[in-house]
Amino acid sequence: MDSVCIDSLILKLHDVSAVKFGEYKLKSGMMTPIYIDLRVLVSYPALMNQVSSLIYQRVQDEGLQFDSVCGVPYTALPLATIICSRHELPMLIRRKEAKDYGTKRLVEGSCREGDTCLIIEDTVTSGSSILETAEVLYKEGLKVTDAIVLMDREQGGVEMLASQGIRLHPIISMFKLLNVLLAAERIDAQTAQSVRKFIQENNTFSGKEECGNGVPATKKPCVEQNLELSYEDRATLPNVHPLASKLLKIMAEKQSNLCVSADVTSSEKLLQLADSLGPKLCVLKTHVDILQDYTAAFSQKLQALAENHNFLIFEDRKFADIGNTVKHQYEGGLYQISSWSHIVNAHAVPGPGVVKGLSSVGKPLGRGCLLIAEMSSQGSLATGEYTKAVVKMAEEQSDFVFGFICGSKVTKRPEFIHMTPGVQMKAGGDVLGQQYSTPEEVICKKGSDVIIVGRGILEAPDRLKAAEAYRKSGWEAYVKRLGQSGQ
C-alpha cells in the first residue's frame, strides 16, 4: 500500500477534525489524550471515497476470501456500503438491537450457513466492537476469519481478536499517525510523546484466558510435532505470535527467507540498500547505533520502505540488562527503537526480567522479540544447558518472544521462528572468529527458517544480483526440506 497515499490521508483526517487531541472518554470508559472521530467522514464524500478505496485495496493486497461484507454499526456502515456497491459485493447489516416487529432479525440481508463474512470497522481500541459483531454473525451460522480497520490505536485489539481466531488488518496505526503529524508539524514532540506513553501504558489485552470463576484458564499447549509444516500452515497455528504469523506470510508470499544485515554507517546508504533489496528480502536487520548521521526522519523513511516493499525491520540491539534499564533503552533515548522496529533481540543472561521489561513496551505496539540461543562466533558460550534455558524462557513468555537467533533448530514447536546468522555461499570463517554456513546447510540440514546474510551481499560487486542468489538458494533449500518430510 502506497505510504505517500496513507500520509496524505492522515493529514486530511486531521484537517477535518477526525483526529483530535485533548481529553476524551472512550467506549471502554478509558480517558485518552487522542480521539479518532471518523463519523465526520459522512460530511466529506471525497474523503469517504478515498478511505473506502484504501480499505478495498487492503482486502486485495491480503488476498482475503469471503462471501459477504458487514460494517460494524454505525460509522463503518457507509464505508461498507460504498465498497459493496462499487465492487458489487453482497453486504449484510448488523442491527444493534432487534425490532419488536417485522422479521425481528439482528442481521439483515441474504446469507447462507457456512458462509464467510468480512468485517469492516473504522477504529479499534480493544477489538470488542468487532467481536460483538462477529458473535452476532456466528449465531446466523456465519464464519468470521478476518476484519479490516482503518485506524488501529495499538492498544491490544490485534492480539485480542487473534486470540479469538480473527485476523485484524489495520491500514493506519497510531504510531504511524503520530509520526506523520509530527513530521508535518501538526503536533509538537511533547504531544506525540504523551500519546505514545499513554498507548504503551494502556494495553487492553492481557493475553490471559479466564474461566467463568475468574481463575486463569490453563494455557493451550503449543503444537509440537515432527511433521514439517509449510510457512503458510505455521502462520495459521492457534498459538502463533501475530508478528511470527505476519513474517511467515511475508516469506510465503515473496518466496523469500532472506534477512539482509545492513551494516552500513550512513543513513542514506542504508535507505538505498533497503529500497533496492527490499523486494528480495523478508527482514532487514539494522545496527542503528553504528549510523553516524541518525535522525528521526531516517526511521520514518525506513518504515515507509518496509511497508512499500513488505518486509519487517529487525534492530539487532541484543538487549542484555535488567528489566527497568532495557525498558528505557527500548522506548527512549536517541533512537526510540520501539517506535519503528518490528523485531528486537535479547540475551537471556539477565533472566526473565529482560523480556518482561521489553514486553512492557513492545507488546502493546504489536512488536516481538527473538532470544539469542546460539551465536555464530567461534568459542561462543551460548551452548548446551544455556541454550535449553533460553528455550524454556521463550516458552514461558511466548506472548512476546516468538523465536530465536540460533545456529540450528532449538525447538520442535513450529510457532517459533529460527533465524541464523553467519550465512555465505561457501562455508568457512574469518580471522575474527565468525563461522559461515551455506543456505542449504542452515535451512535444509539444520532446520532453521531464516538466513541472515551480511558481507556475502554487501561486499558483492552487484548487491541486487547477490541478494537474488541468496533468496533463491534459501528458498530452494526450504522447498527441498518440505519435500524430504513428504509435505
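Predicted model: local features only at pLDDT ≥ 70, side-chain atom pairs only at ≥ 80, totals over all residues.
**Exercise 1.** Apply the classification to tyrosine 231, using its relative accessibility.

*Solution.* Tyrosine 231 has a relative accessibility of 0%. With the cut-off for buried at under 20%, tyrosine 231 counts as buried. For the protein as a whole, buried residues make up 53% of the 487 residues.

**Exercise 2.** State how many aromatic pairs the structure holds, then determine the geometry of the one formed by tyrosine 231 and tyrosine 478.

*Solution.* There are 8 aromatic pairs in the structure. A ring pair is described by the distance of the centres and the angle of the planes. For tyrosine 231 and tyrosine 478, the ring centres are 3.8 Å apart and the planes are at 5°. Rings pair if their centres lie within 6.5 Å, and planes under 30 degrees apart count as stacked. The pair is therefore stacked.

**Exercise 3.** Which parts of the chain does this pair tie together?

*Solution.* Tyrosine 231 belongs to helix H8, residues 231–235, and tyrosine 478 to helix H17, residues 463–485. The pair therefore ties together parts that are 247 residues apart in sequence. The protein has 17 helices and 18 strands. Of its contacts with a separation of 6 or more, 68% come from residues 24 or more positions apart.

**Exercise 4.** Which residues form a cluster through ring pairs?

*Solution.* Ring pairs link Tyr231, Tyr478 and Trp475 into a cluster.

Note on methods: Residues numbered from 1 in each chain as written. Heavy atoms only, no water. Phe/Tyr/Trp six-rings, centres within 6.5 Å; stacked < 30°, edge-to-face > 60°. Helix = DSSP H or I, 4+ residues; strand = E, 2+ residues; numbered from the N terminus. Buried < 20%, exposed > 50% of the residue type's maximum accessible area, 1.4 Å probe, protein only. Contact = heavy atoms within 4.5 Å.
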